[in-house]
Every structure is written in structure tokens, then in C-alpha cells.
Amino acid sequence: MSILLPDEDPALMKLADALDQARAASYPLSLLVARLAEATPAPASAALDALAEAAGLRGLGAAWIEVPRRIAAKLVTHLIVGELAYPTEVMPSEKADVLASEFLALFPQGSRYFTNGAISGDVAIYDLQGEAITGWRSLSEAPFDNGIMALGGGRVGMLWAEDAP
């Protein structure tokens, strides 16, 4: 039995369309959100890996890095606004902030956020203990991939970027 169930929330389609339009000049971002068959699977990596695999990516098991919400917000905005490999701005950061907030609003207070590491750029990433994160573990065959996985409120979701191979 799968731990993931479909999520029919109309806000997801609206957000996916807005992200596609905003990033039309660059590679698309992958947005995938699912309901959980059980409240919160233990360990958290079970839900994260299941969603990654549903998106055609590899899971990381115990290697997921948990980050505070404020770091998740910075990372999501960074993913939306630009490219992974180059300091190219695809859209204004103000608009990216709005889209990042819409993604994070899908997950209530107390949700948990995870990433595969830090790619590059001027966005510093810190884990829950305040330790700087350097480097990353790839989930795909792309030269670079990075994103946020969110877990809470009976759902798991991801916003993920893969630089074109």
C-alpha cells in the first residue's frame, strides 16, 4: 500500500500554472504535492523518498537535511527567481517571493522542511542546528538539482529544480 494519496486541492493547479508562466524563459520547476495515507510516516524520509520516487527522482533516506522554515522560504524563492548553474534572474524577486509564499502556505505552522543541500549563489543554507550546509547530493541525472521537500498538515510536497543536462 502506498503512503501517498492524490491531492486534489485547486490551489495546486493554480500554483503550478503560475510557476510555469513565471519560468517560461527557463527550465521548469517540478511541483508535486500528495496527501499522506497516515498522519506522519516515521521516519520522515519514508514520505520524502516516496514523493521523490513518484517524481522520477532518487530518494536520499537518512541524508535529507532538515532546515528551518525561514531557510526553506529563502531556498524556494532562490529556486523560483533564477538558474541553478548561473546567476541569471528569470523573474523579479518580488514575484518569486509571492510564489514561494503560496507554496509554503500549503503546509501549516509546525511543518518540517528538507533539502538535498546547497548548490551555489548568494543564498546561505543552514540546518536546524545553525550549521552551514555546503555541497549537495543529487536526486537526478542533471548536472545540478536542488529543492525543498515539505512535510506537514497531512501532506508532503516538493518544489524542485533540475538544471538541463
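This is a predicted model: local features need pLDDT of at least 70, side-chain atom pairs count only at pLDDT 80 or more; totals for chains, interfaces and linings use all residues.
A nonpolar core, as I use the term, is a set of buried Ala, Val, Leu, Ile, Met, Phe, Trp, Tyr and Cys residues joined through side-chain atoms within 4.5 Å.

The largest nonpolar core has 32 residues. Val67, Ile80, Phe103, Tyr113 and Ile148 are the ones with the most contacts inside that core. Which elements supply at least two residues each? They are helices H1 (10-22), H3 (69-81) and H4 (93-104), along with strands E2 (29-36), E5 (145-152) and E6 (155-162). H3 gives the largest share, seven residues.

There is also a second, separate core of 18 residues, with Trp64, Leu139, Met149 and Met158 among its members.

Back to Ile80 for a moment. Leaving aside residues up to four places away in sequence, Ile80 touches Leu19, Arg23, Leu29, Met91, Ala96, Leu99, Ala100 and Leu159.

Now the sheet. Six strands make up an open sheet, ordered E1-E2-E6-E5-E4-E3, with antiparallel pairing. Strand E1 (4-5) and strand E3 (65-67) are at the edges with a single partner strand each, so one side of each has no neighbour in the sheet. Further in, strand E4, residues 112-115, pairs with E5 in the antiparallel sense over three bridges. Arg112 stands opposite Leu151 in E5.

Last, how the helices sit. H3 lies across E2, E3, E4, E5 and E6, and runs at about 140° to E5. H4 lies across E2, E4, E5 and E6, at about 150° to E6.

Note on methods:
Residues are numbered from 1 along each chain as its sequence is written. Side-chain values use heavy atoms; hydrogens and water are left out. Buried means under 20% relative accessible area, exposed over 50%, partly exposed in between (1.4 Å probe, protein chains only). Helices (H or I, at least four residues) and strands (E, at least two) are DSSP runs, numbered from the N terminus. Contact means heavy atoms within 4.5 Å. Two strands pair if DSSP finds at least two bridges between them. Axes are lines fitted to C-alpha atoms, for helices over the stretch in contact, and angles run from 0 to 180 degrees between N-to-C directions.
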